[in-house]
Amino acid sequence: MRSWLRKSALACATISLLAGSPVAAQTAAPQPAIALIDAADRPQVESWANKKGWRVIAPMAATGNIDTRVQGLETAVLEATKSGSADPARIYMVGRGGSVAAVFYAISRVPDLWAAAVALGGSPQPAIDSDRLFTGNFANVPVLWLSAGPQDQALASRLKSGGMNLEWRGGEAFEVETILDWLAGHTRAEYPGAIDCETNSPTFARCYWILMTRFDAAERNDVLPSSRLQATSIAALDLGGFGYKPDDSGPGVLVSTLPDKYSGPLKVGDRIVALDGREIADPRRYSDLMAQVKEQRAAVVLVQRGKDRMRIETSIVLPKRAPVVTARVQAQYLPEDHEIQIVSRAVTQMRVTVPRQWVPAVLNWNGVPLEKLDAPGCRLLTIEKALQNAAACPEQ
């Protein structure tokens, strides 16, 4: 039976937290694979992947914050490629509804794993609001976003104008085979000739054939501005950092996650159904109400817990965003000049792995030729007292 993705399905998809299951048994040859940040998608996506003989990868557990979940997915992918069961050149990401933002976020955090990604419905806005969505990290990872939201086209235009490698299609029906064929048309190069990565965390500092290992915010470089998308400053209820599903149909706002050691009045499964006497039909209505608030003030919410309703006095607060300090590296191999050019900001040490097909070549960092490479391998680049040096990487 043919599966179709229609506008209504895209608009109404609901997603739960990620919970993985064991990967399929290893096959004789590495297979293309679809990686999931949300295991609730697994049954549906496996039925799609089976059409092409692909496998599905999801981590075993989904506990912790979004960075922990991304690391879990990264580990699952690396294990599958290392075992030979998944083809590292054809690892794709797919997410639906509420997991779409996590797809964009995961690419921004670990861009060098993916050949391409498809986002079905949902919105990347929560990823933007994390202050960790860097469009430069999508340079080698094209994303197809199929959505039907009223503001999605404007948001897609903003993403593309900000430099994201994005293709948006709205209000259309697509066969599953069309989506799989689109993914299959993209492969990940082991050593891309041009790379671009930005990060605010040493935990997520790998960039294809470069690993940033030491940072200094004072090491400025105005040639490399930030590719970070500016988060939306929207008010929120002062009830702790509760999470909810933007695509939930209501009633109210379903509390789906709470921070570790949370001590506030909410519980997972609660529904916030009214604010200051005004009904909250669904998460979209909640977002609209919060967007109207321009100053902090007291508020009263009505929470549905099972059959009971509770009145909670709280306040509406505006976000206080601290300055975001990031590091960025861009690099390219110029075969006609036999040169590897690296430009960085806020990076004082990096490991550069040079493949055999690029040597001999001159290694150039921030406009300074460091050395002529006659053999492949790993080089450790450092800045010490304003002097740049290159040496063989120490064994790890």
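Student: How many bridges join strand β2 to strand β4?
Tutor: In this predicted model, five bridges join β2, residues 31-36, to β4, residues 86-96. The two strands run parallel.

Student: Which residue stands opposite Ile 34?
Tutor: Ile 34 faces Tyr 92 of β4.

Student: And through what do strands of a sheet pair in general?
Tutor: Strands of a sheet pair through backbone hydrogen bonds, in either a parallel or an antiparallel sense.

Student: What is the strand order of the sheet that holds β2 and β4?
Tutor: The order is β3-β2-β4-β5-β6-β7. This is an open sheet of six strands with parallel pairing.

Student: Which strands stand at its edges?
Tutor: The edges are β3 (55-57) and β7 (166-170). Each has a single partner strand, so one side of each lacks a neighbour in the sheet.

Student: What is the average twist from one strand to the next?
Tutor: The twist averages 20 degrees.

Student: Which strands does helix α4 lie across?
Tutor: Helix α4, residues 100-109, lies across β4, β5 (116-120), β6 (143-147) and β7. Its direction is at about 145 degrees to β4.

Student: And where does helix α6 lie?
Tutor: Helix α6, residues 152-161, lies across β6 and β7. It runs at about 170 degrees to β7.

Student: Let us turn to the other sheet. What is the order of the open sheet of five strands?
Tutor: That sheet is ordered β10-β11-β21-β24-β25, and its pairing is antiparallel. Its edges are β10 (206-207) and β25 (387-392); each has a single partner strand, so one side of each is left without a neighbour in the sheet.

Student: How many bridges pair β10 with β11?
Tutor: Two bridges pair β10 with β11, residues 210-215, in the antiparallel sense. Cys 207 stands opposite Ile 210 in β11.

Student: Now the whole chain. How many helices and strands are there?
Tutor: The protein chain has eight helices and 25 strands. Its radius of gyration is 23 Å, close to the 21 Å that the globule rule gives for 396 residues, so the chain is as compact as a globular protein of that length.

Student: What does the C-alpha trace span along its principal axes?
Tutor: The spans are about 75 × 55 × 35 Å.

Student: What percentage of the residues count as buried?
Tutor: Of the 396 residues, 46% count as buried. The chain exposes about 18,500 Å², and carbon and sulfur atoms supply 50% of that area.

Student: What share of the contacts comes from residues 24 or more positions apart?
Tutor: Such residues account for 63% of the contacts with a separation of 6 or more in the protein chain.

How values were computed. Residues numbered from 1 in each chain as written. Predicted model: local features only at pLDDT ≥ 70, side-chain atom pairs only at ≥ 80, totals over all residues. Heavy atoms only, no water. Pairing = 2+ DSSP bridges. Helix = DSSP H or I, 4+ residues; strand = E, 2+ residues; numbered from the N terminus. Axes fitted to C-alpha atoms, helices over the stretch in contact; angles between N-to-C directions. Contact = heavy atoms within 4.5 Å. Rg over C-alpha atoms; globule rule 2.2 N^0.38 Å. Buried < 20%, exposed > 50% of the residue type's maximum accessible area, 1.4 Å probe, protein only. Areas by Shrake-Rupley, 256 points an atom, 1.4 Å probe, with all protein chains shown as cover.
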